[in-house]
Amino acid sequence: MPKCTIDGKEVEFKPGENLITVAKRAGVEIPVFCYHPGLSVVAQCRMCYVEIEKMPKLQTACSTNAAEGMVVKTQSDPVVKGRAGTMEFLLLNHPLDCPICDKAGECDLQDNSFGHGSANMRHTEERRTYVDVDMGPVIEKNMNRCIHCTRCIRFGEEVAGIHEMVAIQRGNNIDITTIDGNPLQTEYAGNYADICPTGSLTLRDFRFRKRAWMLKKTSTICEGCSKGCNMEIQHEGNVIYRCVPRENLEINKYWMCDEGRMNYHYTQDEKRILNPRSGATFIGWEDAIQTLKDQINEKPLTVLVGSDLTQQELENILEYTKNYHKGSSVYHFGTEGVFTSAQDLPVDKILKMKSKTSNLNGAEKLGIKSVQEMKSASDVVLVFAGGRANVQSVTKKLEGKKLIGIGVYSLNEAESFSMVLPSLSFTEKDGTIFNHQGIEQKLKRAIQPKNTIKAISEILMLTANKKVKVGAN
Amino acid sequence: MLAQRKTGFFNKFYLVEIIKGLMITMRNMLFAKRATIQFPEERRDYSEKFRGQHYIKSVNGVENCTACMLCPTVCPAECIHIVAGEREDKEKYPIKFEIDSLRCCFCGMCEEACPKDAIKLSNIYEMSQQNRTVYEKEFLLEQRGNK
């Protein structure tokens, strides 16, 4: 492989790699604004200046491909001066309202200004201000903070596949806006907030709720569909504040859809059932387990499992039915109209899949049949669901039967059940899921569950015990 | 070798020493400047820099605070709790601003960190309460002490 020298270190590179990627491998960080590994290169912000030997002027590292024998300096005097000059230009019209900006703490402009800019400001003129357009329900816009890196424009064109953000006017009057000031159309609008290097585009959902540096981060998998996008749950004090995508080039690259991003809301919804519920009244766990035992009573059962449960939970359920309810039949359910992974096709060319449950592939791997193949059902039907599976599609089919729900249910869903035992949602449990490609991924517990809900394994264990004794949580 | 104490019948009563000591006591009692003051009526002058009870600066009844959360971030006692909200004109403001006064160690770091000069420590030092006190936003918004 060819080699080049960056800050005195020899680095190997593949032909066609740009200097930022190569430098990163050598452990040299080059500051950037407009460059994003998932987007095309425009070299607009002029922040990634480097000095290359035998070249008369400073070059932008993002648009310069590494070449054999190239000697690059990223910390020389002209580079430092060039970056400071760029920073000063970018900050000419920046309002410096970091105290009220949601991006503060994870802002590229803040970091690079601190690292490469000057603490003093020379210009005294009035700053340029804009009137903001309404960007729809996901994104809040503040054009005053914009540095015109055009990442958002390129994201729309190249990734979301919709040309909705544009730069109008020129020079000092440049305005980044939507076409005709319309709200955003794309279902991937949350990514605009992620890629924006300043606080110009921020999430409405997260607006003013918490500062970025206060959040704890748990790396987990989105359970919104069978794509299995890698994401990070950001939480503090046992409350989830937002979800952001993690980089995984095999699955979701750098992106995530809005549905998955906002999916966590149901786990901390007021309507989620957090206590055992029999009929329309909430009861204690000991009563609940006793009633459950009386009703199922070692008979063969029809058991429905949501394909949003983890592999471990599915295995537990299979083992339980095999040992305690001989002759039971287990079926999986999830999205209406998607019963097998062959029917699970992409909705668009970006990320979304038809199956709205995360572990359809895993349920099939365990040999669980689809609910479509269910001919008849027992009088008492156990329904396990992780919160994402479409319970209503099943309850319609099973009208007249006694339904017992175990898992994550909302009050509306629980109306058709004779009993509901609350269990853990995807933010509160560890586990394995298989995405539509068959890639095995791990869910990780982000927040501590309420002490009134129990894991499916624990509920099954209590039910299997001869004597009902529920220990303190 | 220890110094030999003067012995004798008269010296045994230490009369001279007692009188000397009493004279110092009387002199201090009657003529010296008092170290204590009559507290509620008399008050000491404290420095302008004294770090006493908190207040939030306000202009025309609107608090300076923008709920930037720098004070709870820097607070070593973790006694400041802020919930931010959005005003109708899209400005950020604190819906809730609470200071747990018993946890507070009056270090003044919040005052130093505040970019808007909103949270201040006044020179009021009479803060004794009969129950655990959490200073609410309404309480903090009253302008007290050195302004």
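Asp117(B) sits in the loop between helix H3 (109-113) and strand E6 (119-121) of chain B. Helices (H or I, at least four residues) and strands (E, at least two) are DSSP runs, numbered from the N terminus. This is a predicted model, in which local features need pLDDT of at least 70, side-chain atom pairs count only at pLDDT 80 or more, and totals for chains, interfaces and linings use all residues. Residues are numbered from 1 along each chain as its sequence is written, while chains are lettered from A and ligands numbered from 1 in the order in which they are written.

- Most residues other than glycine have a negative phi.
- Asp117(B) has a phi near 60°, a positive value in a residue other than glycine.
- Asp117(B) is exposed, because 10 other C-beta atoms lie within 10 Å.
- Lys54(A) is exposed, with 7 other C-beta atoms within 10 Å.

**Chain B as a whole**

- Chain B contains four helices and seven strands.
- The radius of gyration of chain B, taken over C-alpha atoms, is 27 Å, well over the 15 Å that the globule rule gives for 147 residues, so chain B is more spread out than a compact globule. The globule rule is 2.2 Å times the number of residues to the power 0.38.
- The C-alpha trace of chain B spans about 95 × 40 × 30 Å along its principal axes.
- Of the 147 residues in chain B, 18% are buried.
- Among contacts in chain B between residues at least 6 apart in sequence, 70% join residues at least 24 apart. Two residues are in contact if their C-beta atoms, placed from the backbone, lie within 7 Å.

**The five-stranded sheet of chain A**

- Five strands of chain A form an open sheet in the order E2-E1-E5-E3-E4, with mixed pairing. Two strands pair if DSSP finds at least two bridges between them.
- Strand E2 (9-12) and E4 of chain A are at the edges, each with a single partner strand, so one side of each is left without a neighbour in the sheet.
- E3(A) and strand E5 (residues 71-73) of chain A run antiparallel and are joined by two bridges.
- Ile52(A) stands opposite Val72(A) in E5(A).
- Helix H2 (residues 77-90) of chain A packs on this sheet and touches E3 and E5 of chain A. The direction of H2 makes about 160° with that of E3(A). Axes are lines fitted to C-alpha atoms, for helices over the stretch in contact, and angles run from 0 to 180 degrees between N-to-C directions.

**The three-stranded sheet of chain A**

- Another open sheet of chain A has three strands in the order E10-E11-E12, with antiparallel pairing.
- The twist in this sheet averages 30° from one strand to the next.
- Six bridges join strand E11 (residues 230-236) of chain A to E12(A).
- Ile233(A) has Cys243(A) in E12(A) as its bridge partner.

**Contact between the chains**

- Six residues from chain A and 11 residues from chain B take part in the contact.

Technical notes:
A residue is buried if 20 or more other C-beta atoms lie within 10 Å of its own, exposed if 12 or fewer, and partly exposed in between; C-beta atoms are placed from the backbone.
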